[in-house]
Amino acid sequence: MKIDLHSHTNVSDGINSPAELVRLAKTEEISVLAISDHDTLEGWQILNASTTSSSTGKLTIVPAAEISCRTTTGMSVHILGYLFDPFDVQLTQTMSLTRDDRIPRIKKIIGLLNEAGIDISFADVARLSESAQTVGRPHLADALVARGVVSSRDQAFTEYLHNDSPFYVGHFAPTPEEAITAIKSAGGVSILAHGLAGSRGAIYTIDEIGELLAHGLDGLEVDHRDHDDAARNELRELARAFDVYATGSSDYHGVVGVQRLGMELTAPNVWEGILAQGTGCEVFTV
Ligand code: AMP
Ligand code: ZN
Ligand code: FE
Ligand code: FE
């Protein structure tokens, strides 16, 4: 049974539409797929709206979101929320504020790139993010590829867009603690996404992750392509010590070559725990 608890559609910065993602998941024989777009629920909601209550599809979709957070020291942290109430006022308002602020933020990054002599405009990004509710750096990366400045999303991040780059600008974001509390009060389950992915920028220490667990974080994404074996071992050990969920997921964005749906998986007993704990909404099948 293949369980993949982290994926993105083109409603945020993934490349595939929700329907295409479903088709791919079925091709990969995945049984359970969480659609966890950044700061928006619309990807899985589009699918849910087109299913009937008697639907008996083979693929279980888990309503989810990846909440973009920032610590008080300015570090970017992603918290996955599962099975929370999609109408919860605090969560929906927080995500809405985040989405809105991403537009001026991208414009600021573009301004800095222009100052450095790179010819790129917001119109380039807008053209490549028409399906997106959440505009992010990957769209800007695509625009840099389209302009011939770089040859791939990854190269755009390495050279211009990574978290520690001089062109980095943040956006409105809740703190991880606020996100954890909000997900919990909406009946959901919170998991720290790619917590030790140091290649992306600054990361927590293991002790700090322990403090988040003490604050109510429900689990850790352990198996992720941006974690080496040492990172996985540390996180797995911490999850065991705190008796919380240890998940594995593809974090699929549709970037062929580096990513594959189901490339990392979550154990069935872990998924069953998350499913039993999440009381804010129901899974559905497609
Ligand atoms: P944003 O939400 O606009 O700050 O962009 C974050 C997204 O950019 C992440 O979800 C990843 O998809 C992508 N990303 C972040 N860091 C990197 C990196 N170093 N290389 C490639 N993609 C990255
Ligand atoms: Zn992303
Ligand atoms: Fe993430
Ligand atoms: Fe993600």
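1. Donors here are N, O and S atoms within 2.8 Å of the metal (3.2 Å for Na, K and Ca), and sites may look incomplete since water is not among the atoms. The zinc ion (ligand 2) lies 5.5 Å from the iron ion (ligand 3).

2. Please keep in mind that this is a predicted model, with local features needing pLDDT of at least 70 and side-chain atom pairs pLDDT 80 or more, while totals for chains, interfaces and linings use all residues. Residues are numbered from 1 along each chain as written, chains are lettered from A and ligands numbered from 1 in written order, and side-chain values use heavy atoms, without hydrogens and water.

3. Histidine 78 sits in strand β4 (residues 76-82) and histidine 194 in the loop between β5 (189-192) and α8, 116 residues apart. Helices (H or I, at least four residues) and strands (E, at least two) are DSSP runs, numbered from the N terminus.

4. Histidine 78 counts as buried because its relative accessibility is 16%; histidine 194, at 8%, is buried too. Buried means under 20% relative accessible area, exposed over 50%, and partly exposed in between (1.4 Å probe, protein chains only).

5. Now to helix α9 (residues 229-242): its buried residues are Ala231, Arg232, Leu235, Leu238 and Ala239. They lie on the same side of α9 because they cover an arc of only 135° around the axis, taken from the directions from the helix axis to the C-beta atoms. Exposed Asp229, Arg240 and Ala241 are on the face turned away from that buried side.
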